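Please look over the following structure with me, one question at a time.

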Amino acid sequence: MIEVKQLSHQFELGKKDKKTVIPVLQDVSFSVNKGEIVTLVGRSGSGKSTLLHLIGGFLPRQSGTITINGMDVSNFTEAQFAEFRLGTIGFIFQNFQLIQSMNAYQNVELPLILQGVSETARKIQALETLKKVGLEGFEHHYPSELSGGQQQRVSVARALVLNPLIILADEPTGSLDSETEEDLLHLIKELNESLDITFLIITHDDEVAKIGHRSLMMHDGALIDQEVK
Amino acid sequence: MLFKDQLYFVRENMKKNKMRIFMTVLATAMGTAFLIVLASVAFGLHDTLIKDVLEQETVNQVQIYGKDDPNSQGITDEDIDYFQSLEHVRAVRKQSFFRQSPLVSLNGYETNPYTVAVDMAALEAGGTQLKDGRYATSSDEVIVGYHFYEQLLEKGTDPEDMYDENGERIKETLYQGKLIGETIDLTVSRLTNETDTEEKTYQLTIVGVTAEPANEWQQDQSLYTTFDFYQSVSEYTGTPGGEMYFQEEPMDLTFYYDEVTIQSNNLENVQALTDTINDQGYYGYSVASELKQINMLFTIAKAGLIFIGAIAVIIASIGIFNTMTMAVTERAPDIGIMKAIGASPKTIKQIFLLESSIIGIMGATIGTLVSYLISFLVNIGLPMILEAAFEDQLPEGFQFSSIPWTLVLIAYVICLLVTLISGSRPAKKATKIDVLSALRREL
C-alpha cells in the first residue's frame with residue numbers, strides 16, 4: 001500500500017550566506033501492506049514526523065521515491081497531491097485540527113464538500129460516520145463544546161468519511177488522557193479490522209505502538225529496527 | 001467543490017466580520033455611485049440634445065441649396081429627377097419663393113404673407129400632416145400656415161392697437177372666422193415702366209391648414225400655393241416669382257427651385273444620402289451631420305467622465321484588497337486544515353476570488369440603486385433650484401442626468417474587474433499558505 005525507497009530529506013536553516021543544512025532523513029526505505037497498522041516510533045527529532053509529512057505530500061520530496069496504492073507520487077505537484085489526498089488518504093493530527101467555527105457535523109462534512117458530493121448524500125455519509133465513531137447526538141456541538149477525546153473522534157470521522165485506503169496519524173493520542181487514549185486505540189483497531197484501512201501511526205507512546213502489526217523504530221533520521229508482532 | 005458550496009463558504013466567512021465587510025461594500029458602493037452619477041450627466045445632456053435635434057422635423061432631411069456649377073442658375077426638374085432616382089429617398093420637396101409679398105384679403109381682414117410655391121403632392125407623399133383640410137390640387141387652391149390667422153389684421157385698424165402694454169396680442173383683434181373653404185383675394189403688383197405699377201387680383205380658396213410646428217418658437221404664417229399659380233404670377237409680372245423689376249426686354253422665365261428638401265426613408269440613411277449628393281456637386285446639408293459631431297463630442301465626454309469615476313472605484317478597491325488580505329491572514333489555520341484534507345489551491349483561490357467578487361457585486365448593486373435615486377432627485381430638484389436662483393425656466397423635457405443600462409453595465413464590469421484584480425493577490429497568497437506552518441499556527 002505504501003512503499004518508500006531511499007528517502008532522504010534535509011532542512012536548510014538561516015539566510016543565504018549563512019545557511020545551515022540539517023539532514024533529517026537518510027536513505028529511509030520501508031513498505032506498509034494493505035490492511036496493516038504500522039507504528040513509527042522514536043524520540044523527538046528522529047525524523048518520524050518529516051517522514052509522515054513527505055508521505056502525506058505536505059513537504060516537497062528531495063530524493064528517493066514514494067509509491068502509494070501503486071501510484072508513484074514522488075513528482076506530484078501540490079494540486080495533484082491535494083486531489084490524491086482527498087480520495088486516498090485520511091489524516092489524524094495530535095491537536096485534532098478541527099475548524100473551530102464549524103460544528104462536528106460541518107467538520108466531518110468538509111471533505112465531502114471538497115469532493116463535490118451532493119448535499120443529500122453528504123448528510124447521510126457524515127451522520128453515518130459520526131455514528132460510527134460514537135458521536136451520535138453531538139452533530140451540532142462545536143469543538144470548544146467537546147472533550148479532547150470527542151474532538152479526536154470528530155477528527156477520526158473526518159478522516160474516515162471519504163472511505164480512505166490509508167490513514168496517517170501523527171501522535172493521535174498525544175493530547176488525550178489514558179482512558180480516552182484507550183478508547184481511541186480501540187476504535188482504530190476496530191476500523192482497521194472492519195474496514196481494512198491501512199494505518200501508519202507516529203507515536204512515542206508504547207501503548208499506541210502495541211496496537212500495530214509492526215513497529216518501525218527511527219533514530220537520527222534512519223530506520224534502525226523493526227518489530228513484528 | 002460545487003459552486004453552491006463555495007457560495008455557502010463565502011457567506012459563512014463574510015458573516016464572521018460583518019462590520020469590515022459592510023465598510024468595504026460601502027466604499028465600493030460609493031465609488032460606483034460616483035462613477036455612474038458623474039457619467040450620467042454626460043448621458044443626460046446628450047439625451048436632451050439628441051431629443052431636441054430629433055424633435056425637429058428636419059432631422060431626416062437633406063436640404064439642397066444649389067449646385068457647384070458656374071453655368072447653373074438653380075435646381076431644375078432634371079436635378080429633381082436625379083434626386084428622386086437615389087436610394088433611400090422617400091420624397092423630394094421643392095419650393096420657390098414669391099419675390100413679393102402679395103396683399104391677401106379675407107372677410108375684411110388683410111395681411112401681406114410670405115408666399116411660397118410648393119409641390120403639394122410631394123408634401124403629401126413626404127408625410128407632412130395638415131391640421132385641417134387637404135392639400136391643394138389645382139392652381140386656384142392654397143393652404144395656409146398654422147399661424148397664418150394671427151397675421152390677419154382688420155382692415156383700417158392701426159397695428160399698434162392690436163397689442164396691449166405688455167406687447168401681447170389682444171385676443172379680440174384676432175381673426176375668429178373659419179379658414180377652410182374661404183376665398184381670399186390675392187393682389188399682385190407689377191411695374192409697367194420705371195415708376196408706375198398696376199395690380200391684379202386672384203381669387204383663391206383655402207383648402208388646408210398646416211400642422212403646428214414641432215417647436216414652440218417656430219411660427220408658420222406662410223401662404224402656400226401651387227407651382228402653376230407661381231408661373232401665372234411670373235407670367236403676369238414678366239419676372240420670376242413676381243419680382244418688382246422692370247426691363248424692356250422680356251426676361252427668361254425658366255423655372256428654378258429655390259430650395260429643395262430631400263426626405264430620407266430612414267434616419268440612418270441621411271448621412272449616406274448627404275454624402276452622395278455632395279459628391280455629385282450639390283450643396284447639401286443635413287442635421288444628421290451635426291448629430292454625428294454631437295455624438296462624437298459626447299462619446300469623448302462620457303469616456304472621460306467614466307475614466308474619472310473609475311478612479312473612485314480603484315480607490316475603493318484598496319479597501320477590498322485590505323479586507324481580503326486580512327481575511328486570508330485570519331483564516332490561515334482553516335486554509336491549512338482544508339489543504340491538509342485535500343482542498344486544491346484552485347479551490348482555495350476560487351473561494352477568495354468569489355468573496356471579493358461578491359463584495360464588488362454588492363457594492364455595484366447598492367451604488368447603482370443609489371445612483372438612480374440621486375439621478376431622480378437631481379432631475380427633479382435641479383430645475384427647481386435653477387428656476388428659483390436664475391428665474392429662468394429650463395426647456396421642457398430637459399434631463400440633467402440619465403442612466404442607461406449600458407452605463408450600469410459599464411460600471412458593473414469596471415467594478416467587477418477592479419475587485420477581481422484587488423482580490424487576486426490575497427487569493428494567490430491563500431494558495432501559497434504552507435500547510436505545516438498553518439497547522440502549527442505559525443502564520
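In this predicted model, helices are DSSP runs (H or I) of at least four residues, numbered from the N terminus. A nonpolar patch joins nonpolar side chains within 5 Å of one another, taken from residues with over 30% relative accessible area and no salt bridge.

Q: Which helix of chain B gives the most to the nonpolar patch?
A: The nonpolar surface patch covers about 610 Å² and is made by B:Phe34, B:Phe307, B:Ile308, B:Ile311, B:Ile315 and B:Ile318. Five residues of the patch come from one element, spanning residues 287-330, and that element, which gives the most to the patch, is helix 8 of chain B.

Q: Is B:Ile311 buried, partly exposed or exposed?
A: B:Ile311, one of the residues that make the nonpolar patch, is found in helix 8 of chain B. Buried means under 20% relative accessible area and exposed means over 50%. Because its relative accessibility is 38%, B:Ile311 counts as partly exposed.

Q: Which residue forms a salt bridge with B:Glu330?
A: Side chains of opposite charge can pair when their charged atoms come close. For B:Glu330 the closest N and O atoms of the salt bridge are 3.0 Å apart, and the partner is B:Arg20. This pair links distant parts of the chain, 310 residues apart, with B:Glu330 in helix 8 of chain B and B:Arg20 in helix 2 of chain B.

Q: How many residues apart are B:Asp79 and B:Lys67?
A: B:Asp79 and B:Lys67 form a salt bridge whose closest N and O atoms are 3.3 Å apart. B:Asp79 lies in helix 3 of chain B and B:Lys67 in strand 1 of chain B, so that the pair links distant parts of the chain, and the separation is twelve residues.

Q: What is the relative accessible area of B:Glu355?
A: The side chains of B:Glu355 and B:Arg331 meet in a salt bridge at 3.0 Å, N to O. B:Glu355 lies in helix 10 of chain B and B:Arg331 in the loop between helix 8 and helix 9 of chain B, so the pair ties together parts that are 24 residues apart in sequence. B:Arg331 counts as buried at 10% relative accessibility, and B:Glu355 is buried too, with a relative accessible area of 0%.

Q: Why is helix 1 of chain A largely enclosed by the rest of the structure?
A: The buried residues of helix 1 of chain A include A:Lys48, A:Leu51, A:His53 and A:Ile55. Helix 1 of chain A is followed by A:Gly57, whose phi is positive, near 85°. The helix is largely enclosed because, of its nine residues, the number that are buried is eight.

Q: Which element gives the most to the lining of the second largest pocket?
A: The second largest pocket has a volume of about 500 Å³. It is lined by 21 residues, and the closest to its centre are A:Ser49, A:His53, A:Asp170, B:Leu436 and B:Arg440. By class, the lining divides into seven nonpolar, nine polar and five charged residues. With four residues, the element that gives the most to this lining is helix 1 of chain A.

Q: How many nonpolar residues does the lining of the largest cavity have?
A: The largest cavity holds about 130 Å³ of space, and of the 14 residues that line it, the closest to its centre are A:Ile89, A:Gly90, A:Arg158, A:Ala159 and B:Ile341. Strand 6 of chain A gives the most to the lining of the largest cavity, with three residues. By class, this lining has two polar residues, one charged residue and, for the nonpolar class, eleven.

Q: Which helix gives the largest share of the lining of the second largest cavity?
A: The second largest cavity has a volume of about 30 Å³ and is lined by A:Met102, A:Gln106, A:Glu109, A:Ile113, B:Tyr8 and B:Phe9. A:Glu109 is also linked with A:Arg122 and B:Asp5 in a network of salt bridges. Of the lining of the second largest cavity, the largest share, three residues, comes from helix 3 of chain A.

Terms used
Residues numbered from 1 in each chain as written. Chains lettered and ligands numbered in written order. Predicted model: local features only at pLDDT ≥ 70, side-chain atom pairs only at ≥ 80, totals over all residues. Heavy atoms only, no water. Patch = residues over 30% accessible without salt bridge, like charges linked within 9 Å, V, L, I, M, F, W, Y side chains within 5 Å. Areas by Shrake-Rupley, 256 points an atom, 1.4 Å probe, with all protein chains shown as cover. Salt bridge = Lys/Arg side-chain N within 4 Å of Asp/Glu carboxyl O. Helix = DSSP H or I, 4+ residues; strand = E, 2+ residues; numbered from the N terminus. Buried < 20%, exposed > 50% of the residue type's maximum accessible area, 1.4 Å probe, protein only. 1 Å grid on protein atoms, 1.4 Å probe; cavity = no way out; pocket = protein on both sides within 12 Å on 5 of 7 lines; lining within 4 Å. Points joined across faces, edges and corners; volume = space filled by probe spheres on them. Nonpolar A, V, L, I, M, F, W, Y, C, P; charged D, E, K, R; others polar.
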